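This briefing is intended for a reader new to the structure. Please keep the sequence and the model in view while reading the points below.

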Amino acid sequence: MARARFLSFRGYIARGNLLHPLFRKRRRTGPVRDSIAFIKRVNRDKKAPVSQTTAQLEKLVADGAARLIARATDARSLKTVDLTVRLGAGLDKYLLRDEPAAAPAEIEQFFDSLHADDVCLIVACERGDQTAWNDLVERFGATVRSAARSASSNEDAAEDLAQSIWAELHGLRVRADGRPAGKLSYYSGRGSLGGWLRAVVGQLAIDQHRKTSRLVQTEEDADFDRLARASNRGEEAFSSAQAPSNPESALAEQRAAGDVEAALASAVSELAPEDRLLVKLYYFDGLRLREAGAVLGVHEATASRRLTRVQAEIRKRVEAILMKEHGWTKSETARTLAEAAAHLETDLEMMLTETTRGEGQAQTAD
Amino acid sequence: MKLDPNTEIDRLMQRTARRGAASSLSFSARHQDGGSDGTEQQHLDADELSAYAENALPAAARARYMSHLADCDVCRKQVTELVLSLGVASELEREAATTTQPSTALSSSSAAPARTWRMRLAALFAPAALRYAATLVVLVGVVAIAFMVFRGGRQMKFSDVDSGTTNAPPSPNSQTANQNQQVDSDGPNTAPIPSQTPAGTLGAPTSKDAQTQPEGQAAAAPPAVAPADAPKETAPTTTASGARSNDFSIDGQDAGANEVAGDENASVVGGNKQAAPAGPQRTEKEKDQREAKAIDATSGIADLSSAQSSSRRDADKKMEEELAKNRPQSPPKESQPRARRGAARSAKTATANERMASGEASDDNLMRDEDRASTQQEKRNVSGRQFVRRGGAWVDTAYRSQATTNVRRGSEQYRALVADEPGLRTITHELGGEVIIVWKGRAYRIR
C-alpha cells in the first residue's frame, strides 16, 4: 500500500517534484490546489500539524501573488497563477517549515517582503520571454562578470565561468512543454536577484574547482601541504627542544595541552549556534570583527561584546570540563591555561624557525 | 606577566585555529549527523545563501541556517564571500548611524520606519561641513549680541553723564547774575564781569568788554546750537575736560571768547571748543582737545575730577606768577590805550587762566555737586573762619545771601583788595576756586 502510494502521482507530488509532466497532464485541480496539497503532504510526512486550512493557505498565497504583481513596477504581463507555485514553495521553505503555526499576518508580511520586480523578471524569463532575458543580461551582466572575476584566478577563467552561468540559468535541458529547465526556478525572491546570481556563480566556481582539483593538484596546494608537514615537524621539534632533559615533564605537558584542546573543542561545540558561528568566523576563518559581525548581521561593536562574552563562557566551560573529567583543581586549571597561553608566543617563533628549516629539508628530499 | 582570562582563551583559540581546518570541524556541534568533512551534509543552495547574506530571512529560518553555517565550512565560506561582496558591513554601519535598531528580515523590505524629528535633525546635520557651519553661526551670533549689549551699556552710561551735567543747575551763577549786574555798576574800579546765564548769553556789557561782546555773542550763538547737534559727543567731554579745553582754547582765542569760555555752563564751554580758533596753534590745540576728549571719555568722571584739580593747581600757580609779573609792569590805564589793550590782553590771558581755573572750579563744583549731593557738606576753617562747600563754592558761614562784590582773581581789583587785606589774600589762597567771604561787613565773591 505504501509502495503503491509512493509510485502514485500523488506520491510523486509528495516527494517534491511539482514539475513532473505527468503531474501536469493528469492534474484535475488548479495549480493553487496543487501547491496547497503539496504543502499538506509534506507536513503530514513530517508529522507536523497543519496550522492553516487549505482554503486559507490558498487564499493567502493568491492574495500575496496579487499584491506582488501590483507592487512590481514591471509585472511583465504576469498573472497571479504564474506566481503561486513559486510563492507557495518559498513559503514552505522559509516560514512554515520552522513556524507551521504562522499567523496570516505573518504570512502576508512574508509575501510583501519579496523582491517583486526580480520575481517577475525571473518568472518571465522562465516562461521564455525574450525581452525579459535581454533585460536580465543587460541588468546583471556586470554583476555576473564581477562575481566570476572574484571566484577565478584569471580573466579567461572568469569569462568562461560567466558564460557557464548564463547557460546554467537558461538550462540546456528542455522541458516537455518546450521551456528550458534551468536554475531560475530555484529563485524564491527572498534575496535580491543580484545576490542570488553571485551565489550561483560562487557555487558553480566551487563545483568547477572540485572537478579540476580531483585531477590535478595545483602547485599552491602542494606548497600548502609542504608547509603543513613542516609546521608539524616544527611543533615536534619545539616539544623536544623545550625539555630535552626531562621527558616525563614534557610528556605531561603534552598531555595537558591535549586535554586543554579537547576541552576547548567540547566547550565550543556546546555553544549556541550563533556564538559558535562567531567563533568559527573569527578564529578559524580569520575574519575581522567587522566582517564577522556583517555575517552575523550585527554591528562590529555588538560582535565585539558578544565575542568577549563567548570567551568568558568558553573559559568557564573549559575549567568545568578539566575539573570534572580530568580531576584537576581550580588552581591547576588556571595555571595550566596560563602556561599554555604564555607558551603561545614562543610557539610562534619556534614554528616560524622550524618551518623555514623544514622547507629546506623538504626541497632536498623532493 | 599574567594575562587576562579572556586573553588566555583568545590565544588558545588562535593557536588551535592555526593548526588547520581539521580542528575547525572538531569544534562542530556534536548533535549534527554526517561526516566530519561536511561532504555528506546538505549544503545551502544559492537562494538560501543569498537570502541569509542579505538578512532577508525570518528569524527562525535564519537561526536554522546559522546553525548549519557554524558547522559547515563550505557554506560558511560562500556566505562570507557574499556578505563581503554585497557590502553588508558598510550598510550595517550606516544603519547604526541613523537608526537605533538593526534591520530585520521581515522589516527589510517593508516601508521605511517613521523617523522622529531627532533623526531628521541628525540626518540634516550629518555632513560635517554643515555641522561646523552651524556651530560657527551660533558663535558669531553670540559674539554679536554681546557686542551690542556692551555698546548699548556704554552709550547709556554716557547719556546718563550728559543728562546729569546738563541738568546741573548753575544755581549760584543764576542767582547772582542779576546781583552781579547791580554790583558791577557800583564802582568804576570794579572789574566788569558780564552776567552769566545758563543759556550762555551775555548780560550787561561793560565798557571794557564792548568790543568783545559781539564776538562773545557770536561765540555764544554757535555754542547754543552745537550741543544740540552733538550733545553726546560734547557733553561728557566738555563737563569732564572743560578745564583742559579752556586751557587750550583760551590761550589763542580772543578775550571775548575767553570771557564766554569762563562760564560754568557746560554747553558754553563746549561751544567755545566748537568755535575753534584759526591758526596752526589752534589746530594743535584742537588736536589736544580731541585727545583730551578721548582720554576723558575713557577715564571716567573720577579720574577727570582729579585731573581738573591738578590743572586747577597749575592754574593757581600761573595766576600767582602773573600777579608777581604784572605788578611792577602794569601800565597806566588811561594814557596808553594800546598798551592798555596789550596789558589787558596779557592780563586777560592771566584772568583767562584764572577764569579757566575758576571755570574748572565751576565745572569741578558742578561735578562735585553731582557726586556729593548725597554726602555731607565740606567744611573748612581758614584763618578762624568757617567755610562751607556749597554749590561749588566755599561760602563763609557769615554770609547771609546779601549782595556780593564780584572780584576776579588776578584782576586789579583783586590785587588791590588783597594788598589792602592780607588776611583776605591768605584765605583766597588757601581756598581755591570760588569763594564767598564776608569781609569787614561786605560780601565778596572771589573767583
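In chain B, B:Val438 stands opposite B:Ala443, a residue of strand β6(B). The two strands involved, β5 (residues 434-439) and β6 (residues 442-446) of chain B, pair in the antiparallel sense over five bridges. This is a predicted model, in which local features need pLDDT of at least 70 and side-chain atom pairs count only at pLDDT 80 or more, while totals for chains, interfaces and linings use all residues. Residues are numbered from 1 along each chain as its sequence is written, chains are lettered from A and ligands numbered from 1 in the order in which they are written, and side-chain values use heavy atoms, without hydrogens and water.

**The sheet of chain B**

- Six strands form an open sheet with mixed pairing, in the order β1-β2-β3-β5-β6-β4 (chain B); strands are DSSP runs of E with at least two residues, helices are runs of H or I with at least four, and both are numbered from the N terminus.
- Two strands count as paired if DSSP finds at least two bridges between them.
- The edge strands of this sheet, each pairing on one side only, are β1 (379-382) and β4 (404-407) of chain B.
- From one strand to the next, the twist averages 25°.

**Helices across the sheet**

- Helix α18 (residues 412-420) of chain B lies across β4 and β6 of chain B and runs at about 110° to β4(B); axes are lines fitted to C-alpha atoms, for helices over the stretch in contact, and angles run from 0 to 180 degrees between N-to-C directions.
- Helix α19 (residues 422-430) of chain B lies across β1, β2 (385-390), β5 and β6 of chain B, at about 155° to β5(B).

**Helix α5 and the cysteines**

- Helix α5 (residues 73-86) of chain B has 14 residues and reaches 20 Å from its first C-alpha to its last, close to the 20 Å expected at 1.5 Å a residue, where the expected span is 1.5 Å times one less than the number of residues.
- Just after α5(B), B:Gly87 takes a positive phi of about 70°.
- The buried residues of α5(B) include B:Cys75, B:Val79 and B:Leu82; buried means under 20% relative accessible area, exposed over 50%, and partly exposed in between (1.4 Å probe, protein chains only).
- B:Cys75 has a relative accessible area of 1%, and its sulfur is 3.5 Å from the closest cysteine sulfur, in B:Cys72, too far for a bond.
- Over all chains, the structure holds zero disulfides, a disulfide being a pair of cysteine sulfur atoms within 2.5 Å.

**A contact between chains**

- B:Ser67 lies in helix α4 (residues 59-71) of chain B and is buried, at 18% relative accessible area.
- Leaving aside neighbours within four places in sequence, B:Ser67 is in contact with A:Pro273 and A:Arg276, contact meaning heavy atoms within 4.5 Å.
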